[in-house]
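Here is a short report on one structure. Look at the sequence and the model first, then read on.

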Amino acid sequence: MDSELPNSTTQGDELPPYNYYFRALLVSVAGVGTLASSLTWPLQPPVALLMIILLAFPHISYHYTRRQQGAKAKRLTAWLGYIDAALIGTLLSFTNFSTLPCILFLTAIQFNALINGGMNKWSGDNIAFACGVFLSFFIYDPHWVFSSTLEITSVSLIGISTYYCVCALYVYKLIDNLKHRVALLNTKQQVYRLRAYKLSRYLPPPVWKAVNSDDDKDLKTSRKSLTIFFSDIKGFSKLSEELEAETLTDILNTYLTEMAKISTQFGGSIDKFIGDGIMITYGDGNSKGMKHDALNCLSMAIAMKKKMKILQHQWFNQGIKNPLQIRMGINTGYCTVGTFGTAHHLDYTVLGTHVNLANRLESAAEPGEILISYETWSLVKDVILCRDKGDISVKGFSHPVRVYQVVDFRKNLGRDQNYYEENHEGFSMHLDLEKVRNYDKEKVIESLESAANRLREKVIG
């Protein structure tokens, strides 16, 4: 007669709410039958009253507890469980502690207590049982005959056995329902993981990391030393007027995808895409120092420049005769990093003079050129060869700004040079020795010699 087993689960896959009612009623009927078969008739008033209480208690407790919810319902069902145990103790006292009924009903108390609340409920129910036995002594004097007649044994055994069968069926339904909910939860978890992955592509890594770990402190505004990168495609606006929307979309998505891959390869954080423009930051997150961040940013820019040569060849085969070229600007300095916007819409970005300067350098760069500021050049000059382009006037800055043109890694130049690039009217060549496979080298040599021989024939002829 325990009322603490849950009657329902989540909406849509509930177990029947009558489990407690049927189980409690079975025990009540078994108790009344045991009591009726163990005493002589007519019954004494205390015994008759106990039988009425046993039969009425399941109905009263069920109709009362079904209206309760939350913590209040849990406390109420716990107390009802104690009353159940006390009533059983009183019942066994009135049966003069017949052997088999005592064993069966005591086992039922231990079973219910352990399956519903562990050791805490077990101790509480047993104390309530002892209290029921003790209180029964004030209204009834048991004969203490530890024996059982066939009638008492049969009624107790049938009633409690049926009770255990109902409990077993209930537990089976509970486990089956739990399996269903676990499967449903796994399905929902896969859906949420897929959604989270899709959402992560729209957020900068610092934002995604903070939101995913439920820690917004990292998104508060702060000052950090960053290397800022800007790039765009020269003449893209004019090209958009000449091409069909589908072709333009394919070209832009291909370009942005390849640039994003290179950015990820060198640890950059894409701040935003601005049409055909890209803004990338280094140093916000897993920074290893200003010099390391600047070198990674320059490595990315050089890799992007080389990748554009491959993309130009692909686009030429698609009918785009004028090669698309990117221009890039890079600057290093302290910037304000954080979330900006309104209560309903926030944007995690980087602001400050050094951000503006990187943007201006990108605008001032020639097609295919990488311009960097003096601050960035001072960090990478020992690794990357740059040409001093002198001072230029930059919009929004009162004084001229010293800029440098990035050539290549010093290790790739001179005797150990492994990258070659030449561009003239009617002639374009880029050769990356690190990427030419051994079995293709002979083909490359034959192609170069064939082109050179044809050019000589034209010049001599």
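This is a predicted model: local features need pLDDT of at least 70, side-chain atom pairs count only at pLDDT 80 or more; totals for chains, interfaces and linings use all residues.

Helix H9 covers residues 290-317, which makes 28 residues. At 1.5 Å a residue, these should span 40 Å. After H9 comes Gly319, with a positive phi near 100°.

Another glycine with a positive phi sits in a hairpin. Strands E2 and E3 form this hairpin, with two residues between them. Gly275 has its phi near 65° there. E2 and E3 run antiparallel and are joined by five bridges. Across the pair, Ile270 stands opposite Ile280 in E3.

| Strand | Residues |
|---|---|
| E2 | 269-274 |
| E3 | 277-282 |

Along with Ser200, Arg201, Tyr202 and Phe273, Ile270 is among the lining residues nearest the centre of the second largest pocket. That pocket has a volume of about 840 Å³. Its lining holds 24 residues.

Which elements each supply at least two residues of this lining? They are helix H5 (150-200), helix H6 (205-212), helix H8 (245-265), E2 and strand E5 (346-351). H8 gives the most, with seven residues.

How values were computed: Residues are numbered from 1 along each chain as its sequence is written. Side-chain values use heavy atoms; hydrogens and water are left out. Helices (H or I, at least four residues) and strands (E, at least two) are DSSP runs, numbered from the N terminus. The expected span of a helix is 1.5 Å times one less than its number of residues. Two strands pair if DSSP finds at least two bridges between them. On a 1 Å grid over the protein atoms alone, a cavity is a set of points where a 1.4 Å probe fits but cannot get out, and a pocket is an open set with protein on both sides within 12 Å along at least five of seven lines; lining residues have an atom within 4 Å of a point. Grid points are joined across faces, edges and corners, and a volume is the space filled by probe spheres set on the points.
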